[in-house]
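Biologist: I have the two chains open on my screen. Could you take me through them?

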Amino acid sequence: MEKLIFEYSQEGRKAHTLPDAPAVNFGLPERKSLRLPEVAEIDVTRHYTKLSQQNYGVDSGFYPLGSCTMKYNPKINEQIAALEEFTGMNPYTPDHAAVGLLKILYETEQMLCQTFGYARFTLQPAAGAHGEFTGLLIIRAYHLDRGDTRRVKILVPDAAHGTNPASCTLAGFQTVTIRSLPDGGVDLNDLKKHLDNTVAGLMLTNPNTLGLFEKNILPIAELVHNAGGLLYYDGANANATLGLARPADMGFDVCHLNLHKTFATPHGGGGPGSGPVGVTAALAPYLPRPLIDFQNGEYYLNNNRPKSIGKVHSFYGNIGVILRAYAYLKIQGSAGLKRASELAVLNANYVKARLQKVYAIPYPQICQHEFVISVKEWKKQYGVSAADIAKRLMDYGYHPPTIYFPLIVPECLMIEPTETESKETLDAFCDAMLKIAAEVKTNPELVKSAPHSTIIGRLDEVKAVKDPDLNYFA
Amino acid sequence: MAYFPHTENEIQAMLQTIGAKNIGELFADVPEKLKNLEFPEFKPVSEIELLAELDELRRRSERQSVSFLGGGRYDHYIPPVVPALAGRSEFYTAYTPYQPEISQGTLTAIYEFQSMICELTGLDIANASLYDGATALAEAVSMAAAATGRTEYVLANTLHPNYCEVLKTYLTPRNITRQKESGANTAAVIFALPDFHGLISNWQEYLSKARENGALFIVCADPLLLSVLEPPAADIVTGEAQSLGLPQNYGGPALGYLAAKKDFLRQMPGRIVGRTTDGRGNRPFVLTMQTREQHIRREKATSNICSNQALCALMATIYMSYLGRSGLQTVAKLCKANTDYAKQKLGGIPDFSVDEGEHFRDFVLHCPDAKKIKIGRPLDDRRLLLSVTEKTTLKQIDFLAETLRRTGKNI
């Protein structure tokens, strides 16, 4: 393990070449100590280089993390996002001096509108969950603007991402959970039972978190709309639908996307992401302000939006991330996006087909961009859990799939290969999965004590909670 | 169309394994009605064509290097080690470190970030980052409301107007409202350091007021300024850390940070990294205290946050490591010296004036016609918000002063 940067510190050592500090008065008492590292530039460089070597990214290898769409992040996107004319721009730059960037943002919005079927998109939300919150505030504003104050509930299927109910609470709604049928679809009878004039909307991921396309989406949309509610599309799984079925055509009134999933921007070790929100024409007045408008040949930030829910970010969102998605959209074109979804679905079905003779797949039908495995029988028989298999995959050089999600599948592993992986890569991964399956039966201890090849062993997560050590100086 | 490694032969072999005749069969569950719609399309371009197009567009985005623009994002010097190291793809192509055995790089850096933020703020605990300063402050007020069971907040001084708007957007749906005076239902008193106009003022009076009413005291602070000042005696310190090694990026990605007294750990939003043990005698790092979070607590979570700004936190950590105490404090003092110099020079021009008090980076220039001056940000007809950093030279300030003096009332 690499030590902490604080442990390299030597009093009096420094890296910077700044001039001596001038004598100034801040008008408040100055601090006596500040325990930051005193190190040379080579210490900083070697320390963070070593840390990077203890990480695993998409560039390191296959990363089938279900629901996270860990596709390859093209290098040209990085080059474009690093252009100094864009990175160096202050957000108060007058519109006429920012026109190149405003045009890019406007064009990005247009490409998203065409791909998903919406009238407008806001690019302001900084992540998917931020987009959910924004979309729910728009639903709230729509009902209130019509004088309908009774609609306090949002319906959410039991298989939904955890951010859905959390965003509902943040947006001032009550969450009502809707049951899934044995085939993974929404239980229409349960839905009907809950639909009344207190329902503001239904949040849905399609394909759902089991990787299945909601066959009844059109009747579901009709039911919700007839009851006066709106439909919200959680775009976490949009990578299966590009150019094949647009959320607006499915009946969704509001939709958020994750540019860091579907549009190939890097995940950054957990951000920055970007979560644009698209809406139908009827909901456009409520979008956060400003929007970028184009009039008389000029692009400008339009703050004059009286029905807007207000700002959700200090400025206009994660511009650096949006620039990367812009490059991806331009290079793919509509046809490339469609091909991406087709091959993402092909890859998922191929891995599923190769594994299903050995692994229990609770939803065996054709899947979309991802599918789930359940090892609950092996847990009973051999004492091997989903987490054990995940850890053992590290020994074979892979990032594990998502585990224990969705919550409705016990001992669950959720696999999403994405379209950027080749057949060779998928075959090698399937071979490893099949070897692990054999190990479960012949040598379960080997799997239960994995990983064996990583720089550290399994962690004591209970101790981390019971005896929190969150700050080097505490 | 790019980034697909599949050959036609491979696609056929894969379809055979699946037992499907063609790719279309994989979409049998999609209703026919949806499949047969006509979509508007946009054409793909090559990398060369895209770069040529961008070359044109970037020329039309004038980067105004001597713009005197600030107001929340600042043009600080970024040492080359920051992009060089944060640009290593093992960092930026990874996701949230759910699997600690192969994520010690990100986890160690976040623990260092949390520790540095605690040191700057004088508080016990910090999270792994939030989207930006405005949303971090909104999360801080949510924390205060949850911790006190109260539903009002009060602004002690002039908060950035965009932050005020984000607070309103975030908190109104849960009936958490802004009031002019603090009282028995006040969850938090918010103090900006410096305020929107760059003014550094004493928080003592507002702290006492918060304590009197049993409200939490939240300071929304610039971390560079915290590097030189005695830490405020706050319950929560939060704010924007773009000034720690991040470019302005037209406002984002930025870096929200949030630190608190340890009593508020259970109300803390976002990811938190802790140190623990493994079976092999190591002391590795792991995401912890996850029972606060959305993927476990769902509608009862402290926040809906999932992705944060991990890569930006890494950049700030590298920046603070490189500069250390002396570097960070020198940057802060150079900013202050340049602000003092600019105030003195510009405030001395006939018909122009500046406000009294100590200002940090931003300050207001009162002038005859703010909207005609093509520099800084006009706040109204007679006030201009100007900003300097350690990169601003005395020559640039002199030149601005000379131009304003020459054109004077006529501009």
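Biologist: How are α1(A) and α12(B) directed relative to each other?
Modeller: α1(A) and α12(B) are roughly antiparallel to each other, a term for angles over 145 degrees, where under 35 is roughly parallel, 65 to 115 roughly perpendicular and the rest oblique. This is a predicted model, in which local features need pLDDT of at least 70, side-chain atom pairs count only at pLDDT 80 or more, and totals for chains, interfaces and linings use all residues. Residues are numbered from 1 along each chain as its sequence is written, while chains are lettered from A and ligands numbered from 1 in the order in which they are written.

Biologist: At what angle do helix α1 of chain A and helix α12 of chain B pack?
Modeller: Helix α1 (residues 41-53) of chain A packs against helix α12 (residues 310-347) of chain B at about 155°, and their axes are 9 Å apart. Axes are lines fitted to C-alpha atoms, for helices over the stretch in contact, and angles run from 0 to 180 degrees between N-to-C directions.

Biologist: Which residues make that contact?
Modeller: A:Glu41, A:Val44 and A:Tyr48 from α1(A), and B:Ile318, B:Ser321 and B:Tyr322 from α12(B). Two residues are in contact if their C-beta atoms, placed from the backbone, lie within 7 Å. Four of the residues in this contact are nonpolar, one is polar and one is charged. Ala, Val, Leu, Ile, Met, Phe, Trp, Tyr, Cys and Pro count as nonpolar, Asp, Glu, Lys and Arg as charged, and the others, Gly among them, as polar.

Biologist: And the whole interface: how many residues of chain B are in contact with chain A?
Modeller: There are 155 residues of chain B in contact with 162 residues of chain A. On the chain B side, α12(B) supplies the largest share, 22 residues. That side has 70 nonpolar, 48 polar and 37 charged residues.

Biologist: Changing topic, how many helices and strands are in chain A?
Modeller: Chain A has 16 helices and twelve strands; helices (H or I, at least four residues) and strands (E, at least two) are DSSP runs, numbered from the N terminus. Chain B has 13 helices and 15 strands.

Biologist: Where are the cis peptide bonds, for instance the one at A:Pro272?
Modeller: That cis bond joins A:Gly271 and A:Pro272, with omega about 5°. A:Pro272 is in the loop between α10 (259-262) and β7 (277-279) of chain A. In chain B, the peptide bond from B:Gly252 to B:Pro253 is cis, with omega near 0°. B:Pro253 is in the loop between β7 (236-240) and β8 (256-260) of chain B.

Biologist: What is the phi of B:Tyr250?
Modeller: B:Tyr250 has a positive phi of about 55°, although it is not a glycine. B:Tyr250 is in the loop between β7 and β8 of chain B.

Biologist: Is B:Tyr250 buried or exposed?
Modeller: B:Tyr250 counts as buried, with 27 C-beta neighbours inside 10 Å. In chain A, A:Thr418 has a positive phi of about 70° and is not a glycine. A:Thr418 is buried, with 26 other C-beta atoms within 10 Å.

Methods. A residue is buried if 20 or more other C-beta atoms lie within 10 Å of its own, exposed if 12 or fewer, and partly exposed in between; C-beta atoms are placed from the backbone.
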